[in-house]
Amino acid sequence: MKYGAIIERGRILTAASDGYTVASLDRDGIESPKIKGIDNTAYTVGDTVYFFLFRDGTGRIICKV
């Protein structure tokens, strides 16, 4: 059994005050629940980012690509 998370490339689908929805560019059909960035960087819809998700749906956006 594997544990942890994998860093992926994604595109911001939605941006709101409570987080961002990210579509994976590496795994077709995968969209995150709302997640936040690891710092105070503001992202906009369409930005390409690196992000990670855990199996429980939590995760973070690391930075823009």
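1. Surface patch. Patches are made of residues with over 30% relative accessible area and no salt bridge; like charges are joined within 9 Å, and nonpolar side chains (Val, Leu, Ile, Met, Phe, Trp, Tyr) within 5 Å. Areas come from the Shrake-Rupley method with a 1.4 Å probe, and for residues only the protein chains shown count as cover. A salt bridge is a side-chain nitrogen of Lys or Arg within 4 Å of a carboxyl oxygen of Asp or Glu. Here, Ile7, Tyr50 and Val65 make a nonpolar surface patch of about 290 Å². Ile7 lies in the segment before strand E1 (8-16). At 57% relative accessibility, Ile7 is exposed. The classes are buried (under 20% relative accessible area), exposed (over 50%) and partly exposed in between, with a 1.4 Å probe and protein chains only.

2. Basis. This is a predicted model: local features need pLDDT of at least 70, side-chain atom pairs count only at pLDDT 80 or more, and totals for chains, interfaces and linings use all residues. Residues are numbered from 1 along each chain as its sequence is written, and side-chain values use heavy atoms, leaving out hydrogens and water.

3. Sheet. Five strands form an open, mixed sheet in the order E2-E1-E4-E5-E3. Strands E2 (19-24) and E3 (36-37) are at the edges, each with a single partner strand, so one side of each has no neighbour in the sheet. Strands (E, at least two residues) and helices (H or I, at least four) are DSSP runs, numbered from the N terminus. Two strands pair if DSSP finds at least two bridges between them.

4. Pairing at E5. Strand E4 (residues 48-53) runs antiparallel to strand E5 (residues 59-64), joined by five bridges. Tyr50 has Cys63 as its bridge partner in E5. Phe52 is bridged to Arg60 in E5. The two strands form a hairpin with five residues between them, and Gly57 in the turn has a positive phi of about 90°. E3 pairs with E5 in the parallel sense, over two bridges. There, Gly37 stands opposite Ile61.

5. Ser24. This residue is in strand E2. Ser24 is buried, at 9% relative accessibility. Its side chain reaches the backbone nitrogen of Asp26 at 3.1 Å. A polar atom of the Ser24 side chain also lies 2.9 Å from the backbone nitrogen of Arg27. Polar contacts are pairs of N or O atoms within 3.5 Å; within protein, one must be able to donate a hydrogen and the other to accept it, and residues adjacent in sequence count only if both atoms are side-chain atoms. Beyond neighbours within four places in sequence, Ser24 is in contact with Glu8, Arg9, Gly10, Ile30 and Phe51. Contact means heavy atoms within 4.5 Å.

6. Salt bridges. The whole structure has four salt bridges. Arg27 and Glu8 form one of them, at 2.7 Å, N to O. Arg27 is in the loop between E2 and E3 and Glu8 in strand E1, so the pair ties together parts 19 residues apart in sequence. Glu8 is buried at 6%, whereas Arg27 is partly exposed at 40%. Arg9 pairs with Asp26, with the closest N and O atoms 2.6 Å apart. That pair links strand E1 to the loop between E2 and E3, across 17 residues. Lys64 and Asp47 meet at 3.6 Å, N to O. Lys64 is in strand E5 and Asp47 in the loop between E3 and E4, so parts 17 residues apart in sequence are tied together. Asp47 is buried at 15%; Lys64 is partly exposed at 43%.
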